[in-house]
Amino acid sequence: MLRNVNDLYGFSVAASDGPIGEVRDCFFDDQAWTIRFFVVEAGPWLGGRKVLISPIALIGLDWAGKALSASVTRDQVKGSPDIDTRKPVSRQHEVEQFGYYGHPYYWGEPQLWGAGPRPGMSLAGYSSEQLPNQQRETTKFVDAQLKLHRDRGDDPHLRSCRAVERYHIHATDGDIGHVDSLLVEDESWAIRYLVVNTSDWWLGHQMLVAPPWI
């Protein structure tokens, strides 16, 4: 089902052993146009620090109750890699996050989430007992990936949804408005449309722009 990404802001996020905080933003992949992380502002228990939670970790989504639940613990969240959520995120940051949580990598694979079109499918073949082992076994690979991306100087490719909502949209013959919001599919977390406010020249109207047109 298509959802407005703005509706996610303020969702409570719970770990397997207690609350984490609230969703404040989302980071999307500006190549595949897919949400890769929820930016969660932790509560007082973590000093309001912002942390990243991947859709891969989701085990529950309640739109009516405005709540997400994730298959991580508060200790895991507390020890997760620091990130400056005010800046775009590079692949090396993703490598650190995925390596820390033991999530299978999606990049370099033909489908949206590596092994499949939805984030949960990337865990196919992994059991809860295997994931810690998989995380330990890939430590050297993670280190090699980090070195590769640092040496290559990869450009940031994960962008803030909130920041993009202020972007202007230009047609081939002029400005048509600015981005009001993004519509996402809540199973694959793919961004299907940008909602463009055309009030600068077509008062009171909105239009949808599909990412392939960008």
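Reader: What should I know before I start?

Author: The model is predicted: local features need pLDDT of at least 70, side-chain atom pairs count only at pLDDT 80 or more, and totals for chains, interfaces and linings use all residues. Residues are numbered from 1 along each chain as its sequence is written, and side-chain values use heavy atoms, with hydrogens and water left out.

Reader: How many helices and strands does the protein chain have?

Author: Both are DSSP runs, numbered from the N terminus: helices are H or I with at least four residues, strands are E with at least two. Here the protein chain has 5 helices and 12 strands.

Reader: What share of the residues is buried?

Author: Buried means under 20% relative accessible area, exposed over 50%, and partly exposed in between (1.4 Å probe, protein chains only). In this chain of 214 residues, 44% are buried.

Reader: Which residues other than glycine have a positive phi?

Author: Most residues other than glycine have a negative phi. Two cases here go the other way. W33 has a phi near 55°, and K66 has a phi near 50°. W33 sits in the loop between β3 (18–29) and β4 (34–42). K66 sits in the loop between β6 (58–62) and β7 (67–70). W33 is buried, because its relative accessible area is 15%. K66 is partly exposed, because its relative accessibility is 35%.

Reader: Is R36 buried or exposed, and what does its side chain contact?

Author: R36 lies in strand β4. It counts as buried because its relative accessibility is 2%. For its partners, look at polar contacts. A polar contact is a pair of N or O atoms within 3.5 Å; within protein, one must be able to donate a hydrogen and the other to accept it, and residues adjacent in sequence count only if both atoms are side-chain atoms. The side chain of R36 makes one with the side chain of D29, at 3.4 Å. A polar atom of the R36 side chain also lies 3.0 Å from the backbone oxygen of L112.

Reader: What else does R36 touch?

Author: Contact means heavy atoms within 4.5 Å. Not counting residues up to four places away in sequence, R36 touches residues including F27, S54, E94, Y106 and W113.

Reader: Where does S181 lie, and which residues does it contact?

Author: S181 is in strand β10, residues 174–185. S181 is buried, because its relative accessible area is 4%. Leaving aside neighbours within four places in sequence, its contacts include N6, E165, Y193 and L194. V195 is 14 residues away along the chain, yet the two C-alpha atoms are separated by 5.2 Å. The side chains of S181 and N4 make a polar contact at 3.2 Å.

Reader: Where does Y193 lie, and is it buried or partly exposed?

Author: Y193 belongs to strand β11, residues 191–197. It counts as partly exposed because its relative accessibility is 31%.
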